[in-house]
Every structure is written in C-alpha cells, then in structure tokens.
Amino acid sequence: MKTLEKMRAAMRRERSLRRMAPDIVYDPDLDTSHGPILYLENITVSFDGFKALNDLNLYIDDGELRCIIGPNGAGKTTMMDVITGKTRPDAGTVFFGQTIDLLRLNEPEIAAEGIGRKFQKPTVFEQQTVHENLELAMHADKRVWPTLRARLTGEQRDRIGEVLDIIGLTAQCQSRAGLLSHGQKQWLEIGMLLMQNPRLLLVDEPVAGMTGHETERTAELLNSLAGQHSVVVVEHDMEFVRSIARTVTVLHEGSVLAEGDMNEVQNDPKVIEVYLGE
Amino acid sequence: MRLFPSLLDNDRGGRIFMGLLGVVCVLVPIFNLAVPETSPFHMSTYTVTLLGKYLTFALLALSVDLIWGYCGILSLGHGAFFALGGYAMGMHLMRQIGERGVYGHPVLPDFMVFLNWEKLPWYWYGFDQFWFAMLMVMLVPGLLALVFGWLAFRSRVTGVYLSIITQALTFALMLAFFRNEMGFGGNNGLTDFKDILGFNLQSDGTRIGIFLASAIALTLAYLACRYIVDSKMGRVVKAVRDAEDRTRFLGYRVEQYKLWLFVFSAVLAGIAGALYVPQVGIINPGEFSPINSIELVIWVAVGGRGTLYGAIAGALLVNYGKTYFTAAMPEVWLFALGLLFVLVTRFLPAGIVGLLRRRGAEAAT
C-alpha cells in the first residue's frame, strides 16, 4: 500500500496537470480574509539526513513587519528558499493567501504572484547600469515576446525616478551597478524589490556591511513599507531588529523556538540558552 | 544605413563594419566583372568566392556571439546547425542537377543510383522547390535547437555540461551523416552542383550574386541581433548570463529566454551554412566534426565576445590567417590556432575589440 500512496502523492492532479492549467496572472485581490498572507505548515527539509527545517510552522499576517532571528544554521535562508521555490520541502504545505499553493509554482511564477526577495549577498546585475537594474526588476509582462517589444512608458520612467530617489542613487543612475559600494548595492537591491511592487517582501540581512547612518535609513524604509506590503526580515544585527521589529520569531534547529515582541523574546529562558549557552 | 538609424546610433563598431562592408560590396563586383583580367587590379573569382565564404563564417560567428557573448551559453556544437542548413541547400542543388548527373537519372541523385535505390526517400520530397528548401534551411536547425534546447534548459543544464552535450550532439550527427543508409550521400556528401535558380554556379556573375547575398544576409542578421541585444530582452539575457538565479526571482522564465535566443541563433547558423554550400560546391559530414565548432568559438574569442562586430572581425581575421598559413606552412596552422587561443584567453580576455577599446580609452585620457 505504501507504494500506491507514494504514487498518488507524486501524481497529484494539480501538479501533473500544471502545464494544462491556465496561465497564472498576478492577482491583486489575494485572499487574505483570514488574516495571514503566508502560511508555512509542518515544513521539513533535509539535506543528506541533516534537517535544515524540522516541522516548521510560521504564519505572517497581511501588512506585518516580521523579524526572524536565529543562530547560524537555524534554517533562516532555507526557509526563504522554500517560500520562493528554490528548494522543495520533503513535507509540509506553503500557502500564499487562502488559495495559492506555492509548492505548485516555480520561481518566476512565485515572483509573479507578488513575492519579492532580497538575497543575503547583494546580487545586482553588475554589468548593467543602476537604471537598467531597476527596469529589469519592474513589475511588467515578463514573457519573451512582450519583453522584446517593451519600451519604457512615461509612467514607468517616473516610477524608476521615484525609486532612485528613495534609495538615494539618482546621481549614480547611469553608472554600472558593479561600481557601487557595498551599501549602495544593498540599497539598489531594495530598490529592485520596490520596483517589483510585491505583496510580500523577503529581506535577507539588509544591513550587512552598512554604516550606522545607512542602517538607520534602511530601518526607516522598511518601516514605511509595512502596512502596504508584508515584510519578512532575516537579520543578525540585534540593534537593527530592535529598531524595526514589532514581532520577532526565533528559529533554532529548523523550527520556531519562540515568538513575541522583542522584550518577551529576549527574556525567554530557551532563547537565552540557545544564544548564550553555547 | 539611414533605414535603421536608431539601431546603430550607439554602435560605433557596427557603423564602421557596415560602412566597410558596403564599400567592399561595391568594389568587389567592379574589380571582378568590370576590370579586365589582364589588369593587375582584376580580382579573381577565386578571391570573390573566398571572401563570400568568409562572410558566411562571419554570420556563423555572429550567431555564436549572440548566445555566448550575451547569454553565456557556450555552444560547442554550433557547427551542426551550420551543416544542417548546408545540407538543406545541398539537397536543393542536387535536385537541380536533374538528368545532367553521371547516371542521367531524371529524379535520383547519382549516389542513390549508385546504391541501387529505386525511388527518392520521402524526406527528399519538396527540395526541388527553392522556397521549400529555403524554409528547411531555417526550419531544420531551428527545430533541432528547439527540441535540444527545451530539454537542456528545462533540466537546467548549464556551463561546461551544456558545452559537452552540444559537442556530443554534433559528433552524433556527424556519425549519422557518414552512413550511406541515411540518404545524404554518406562520406562523400553532396556535390557536383550545376546551377541555382537557373544560374550556372560556375559563372562569375552567379558567384558575385551569392557573395552579395551573403553580405546582405550578414547585414540583416547583424541588425536583427543588434535589435535583440539593445531591447529589454537583451538586458534580461545579459542578466541571465551574470546572475541566472536572481533573474528567476525577478519573475523571468529564464528557460524560455535561453530557448528562443538559442533557436534564433541556430537559424542564423543554418542560413550561414546554406550560403556557404553553393560557394564551396560541396557539403559533407566533415562539416559536423567537433573541431569545426571549437574553431568557431575561437573566432569569437579572438574577435571579442559580447560586441557582435567583434565576432565578425574575429571570423574574418582567423580565417584569413587560416587561408594564408595552410597554403604557406600547412603543418603550422593547428599549432598557431591553439597558441592563438591560449594567448587570447590569457592576455586578451575581451579579444581584439577589447584591446582596441582599451587603447582608445587610454588615448582619450
């Protein structure tokens, strides 16, 4: 019987018939009627026996700004990989809103649904200008033929100008992204997220390598984004987390150790043990 | 070139190349047809054909630069698409021979009579029509690239692995085309062509005509490639080359971009092959040999990839060198080619174009 069950799991109708399903278009009316915008339930991911995520359960509310902290190897980046479709979990479900099963979708489809991601190491297109980087990230029809024929409209130019202003790179707009400083690259990548205009932003270590002043501005920016967007920030910098976080989730060994506001979490004996007891 | 003014506005190299090609296209017919043979300024038909052959190689190099220079797909099997286009053209030219073959069969080409075949294999049908053959010149390489690319890119085969399987592809095709039973003339290939569209292939006028057709094809292909790389699609493709995963997370279906670029490039290579065959008068399985595909990557590397005109310059220079060396010092050529590749990779990663640019930038400061 076990084989039969395996077969059924592998041949689930909505997965095997995916190619026949109609093209998914960005849905502005994402169903968040029950509160959360993202549901991660019983997620397990193992690499060669090592469980990077172990029965993880996490819910992100619509419009929330959530910080995720945890020691190295706690599974923070793996969790982002699962949400964005880079890694398939061995078990569990991931839902975006009430209806969108993210495990059915690949990376570009998930991005089109409105989930944007900033990587831990700033990844911008170094050979292209700042302006071109933002243009590439812009929310638009991303199929091949429309992209070949695409010309920037006035409205889109304005939007790029606006974002350049927010990230403070207007003066560098025509220089190659590879020539920017580390902090500026981080900002450019945040700008690219803004151009995508996603419902949910996943931000991996946004202030690594930034100066104090830059960190402050990043905190302001992320705070201003919450509300219209849901933001999930993974960060090591406790000072920074304290300055932006309303709710903090602590991951440890692939599952949630504690959740609450910063003070609650910091006084939680389990958290103290994990962070200080090593 | 006022027809496409905006395309070349920011492309100085392209404008220079177009200008030179235009001048050559005017001068070559004059020196070949109008200047009497006794004059020292007369250009022999041999030279015209040689130049025409270089132009088809330039077109082939352009097709490789489009995918390698801009999208990072290093195909070591692009010679296969070139050869397939060549075979499609060769099949048409074979059927044009008609009763003038050695055996005088009205329909069957000589090699089929020789093999005691009774009738034409089905896949030779239609090739007596020029339009059909031209369609196949583009369709056959395009379809092969579509199927091959779909499988390879969907499975996310990249880098060295992709290069190796493209190499295997062209090798497999070579072995297949060597077999007599395939019906493409076995190791002799297709040859003894008589005429094209009713014009005698040996006449000077026809040779000039094919030379000009090659120049026009190269020009149009250059403009098409320039249009693609300057469009937003071109920027997406460059993004794929530099950070494939990142591009995916921005919502682009990377596989689709690679696939269509690869197919377009294969079609260009097929057209190059079709123009090559009537000029050299033969197509045989040797054109599929892996070494050809590797050589052609060297042309692009020498010229400088990711510029389009660099690939053209590289193809012309290396092939001129090949013509010269294989006549003057035949045993040296392969060593010279290998050395050239090593030197370029080591000292000129951006090729000759990169060197000229650097010199230009130094002179400007």
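Me: At about what angle does helix H3 of chain A run to E2(A)?
Reply: This is a predicted model. Helix H3 covers residues 76-84 of chain A. H3 lies across E1, E2 and E4 of chain A. Its angle to E2(A) is about 65 degrees.

Me: In what order do the 4 strands of the open sheet in chain A stand?
Reply: Start from the edges, E2 and E5 (100-101) of chain A, each of which pairs on one side only. E1(A) pairs with E2(A) over 8 bridges and with E4(A) over 5 bridges. E4(A) also pairs with E5(A), over 2 bridges. The pairing is antiparallel, and the order is E2-E1-E4-E5.

Me: Which residue in the turn between E1(A) and E2(A) has a positive phi?
Reply: Strand E1 spans residues 36-47 of chain A and strand E2 residues 50-61. They form a hairpin with 2 residues between them. One residue in that turn has a phi of about 50 degrees: Asp48(A).

Me: What is the bridge partner of Thr44(A) in E4(A)?
Reply: E4 takes in residues 91-96 of chain A and pairs with E1(A) in the antiparallel sense. Further along the sheet, Phe95(A) stands opposite Asp101(A) in E5(A). For Thr44(A), the partner in E4(A) is Ala91(A).

Me: Do E6(A) and E7(A) run parallel or antiparallel?
Reply: E7 holds residues 200-204 of chain A, and 4 bridges join it to E6(A). Strands of a sheet can pair either way, through backbone hydrogen bonds. Here the two strands run parallel.

Me: Which residues of E6(A) point the other way from Ile115(A) and Arg117(A)?
Reply: In a regular strand the side chains alternate between the two faces of the sheet. E6 covers residues 115-118 of chain A, and all are buried. Ile115(A) and Arg117(A) point one way, and the other way point Gly116(A) and Lys118(A).

Me: Which element of chain A has the lowest mean pLDDT?
Reply: Chain A has a mean pLDDT of 84, and 90% of its residues reach 70 or more. Residues 14-26 stay under 50, with 9 contacts beyond four places in sequence. Where pLDDT is low, the predicted coordinates should not be read in detail. Helix H5 (residues 130-137) has the highest mean, 94, and the lowest, 48, belongs to helix H2 (residues 13-16).

Me: What radius of gyration does chain B have?
Reply: Chain B comes to 14 helices and 4 strands. Its C-alpha atoms fill a box of roughly 65 × 55 × 45 Å along the principal axes. With 365 residues, a compact globule would have a radius of gyration near 21 Å. Chain B agrees, at 21 Å.

Me: How far apart are the end C-alpha atoms of helix H12 of chain B?
Reply: H12 has 20 residues, 309-328. At 1.5 Å a residue, it should span 28 Å. The model agrees: 28 Å.

Me: Which helices of chain B do the buried residues of H12(B) pack against?
Reply: Of the residues of chain B, 41% count as buried. Those in H12(B) include Tyr309(B), Ile312(B), Leu316(B) and Val318(B). They pack against H1 (12-34), H2 (45-71), H11 (290-303) and H14 (351-364).

Notes
Residues numbered from 1 in each chain as written. Chains lettered and ligands numbered in written order. Predicted model: local features only at pLDDT ≥ 70, side-chain atom pairs only at ≥ 80, totals over all residues. Buried ≥ 20, exposed ≤ 12 C-beta atoms within 10 Å, placed from the backbone. Pairing = 2+ DSSP bridges. Rg over C-alpha atoms; globule rule 2.2 N^0.38 Å. Expected span 1.5 Å × (residues − 1). Contact = placed C-beta atoms within 7 Å. Axes fitted to C-alpha atoms, helices over the stretch in contact; angles between N-to-C directions. pLDDT = per-residue confidence, 0-100.
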